[in-house]
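Please look over the structure below.

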Amino acid sequence: PEELKRQAKKPLTMEELLERKKALDELLEEMKDLPDDHKIMKQAIDVLNNDEKQVQAEHTLLVLKDILSYAPLDYSNDLNVMGGVHAVLRHTSSEDAAVVAAAFWTLGTAAANNPTAQAHQLEA
């Protein structure tokens, strides 16, 4: 803590500021290539709709559930628009109990405190 206080009082030189700016610019450039949550959701839904990738179903459902957990209203409503509700529902009848649990967990997360998502699931 003392070292941080000392460094905080010391002003940066122009060269140090430019180095930090360059490092931040490089980081931002790298981050542009990272997929956003909607792209990840779309990829997950594509995996769930692909019968050849059923091995990945449990993991994919849990990824979707996690995304829905931290932005439930926006993403839960988007899940239906993107065809995700039907993709997840397909897995509620899986022979693999872990996949069934993950599917219902994902649907429950999407429906939690969200009447719109609840209505979409009932219609599906």
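The briefing starts with the overall picture and then turns to single residues.

This is a predicted model; local features need pLDDT of at least 70, side-chain atom pairs count only at pLDDT 80 or more, and totals for chains, interfaces and linings use all residues. Residues are numbered from 1 along each chain as its sequence is written, and side-chain values use heavy atoms, with hydrogens and water left out.

**Overall picture**

- The protein has eight helices and zero strands. Helices (H or I, at least four residues) and strands (E, at least two) are DSSP runs, numbered from the N terminus.
- Along the sequence the pattern reads α-α-α-α-α-α-α-α.
- Of the 124 residues, 27% count as buried. Buried means under 20% relative accessible area, exposed means over 50%, and partly exposed lies in between (1.4 Å probe, protein chains only).
- The accessible surface comes to about 8600 Å². Carbon and sulfur atoms hold 58% of that surface. Areas come from the Shrake-Rupley method with a 1.4 Å probe, and for residues only the protein chains shown count as cover.
- Take the contacts between residues at least 6 apart in sequence: 63% of them join residues at least 24 apart. Contact means heavy atoms within 4.5 Å.

**Helices H7 and H8**

- Two packed helices are described by the angle between their axes and the distance between the axes.
- Helix H7 spans residues 97-111 and helix H8 spans residues 115-123. Their axes come within 7 Å and cross at roughly 135°. Axes are lines fitted to C-alpha atoms, for helices over the stretch in contact, and angles run from 0 to 180 degrees between N-to-C directions.
- H7 brings Leu107, Ala110 and Ala111 to the contact, and H8 brings Ala117, Gln118 and Gln121.
- By class, this contact of H7 with H8 has four nonpolar, two polar and no charged residues. Ala, Val, Leu, Ile, Met, Phe, Trp, Tyr, Cys and Pro count as nonpolar, Asp, Glu, Lys and Arg as charged, and the others, Gly among them, as polar.

**Ala87 in helix H6**

- Ala87 sits in helix H6 (residues 84-90). Ala87 is buried, at a relative accessible area of 0%.
- Beyond its neighbours within four places in sequence, Ala87 is in contact with Ile45, Leu48 and Asn49.
- Asn49 is 38 residues from Ala87 along the chain, yet their C-alpha atoms are separated by 5.7 Å.

- The rule asks for a side-chain nitrogen of Lys or Arg within 4 Å of a carboxyl oxygen of Asp or Glu.
- Asp25 pairs with Lys21, with the closest N and O atoms 2.8 Å apart. Both lie in helix H2 (residues 14-32), four residues apart, about one turn of the helix.
- Asp25 is partly exposed at 36% relative accessible area, and Lys21 is partly exposed at 47%.
- Lys32 and Glu29 form a salt bridge at 3.0 Å, N to O. These two residues also lie in H2, three residues apart, about one turn of the helix.
- Lys32 counts as exposed at 58% relative accessibility, whereas Glu29 is partly exposed at 45%.

- Leu12 lies in the loop between helix H1 (2-9) and H2. Leu12 counts as partly exposed, at 34% relative accessibility.
- Not counting residues up to four places away in sequence, Leu12 touches Leu17 and Arg20.
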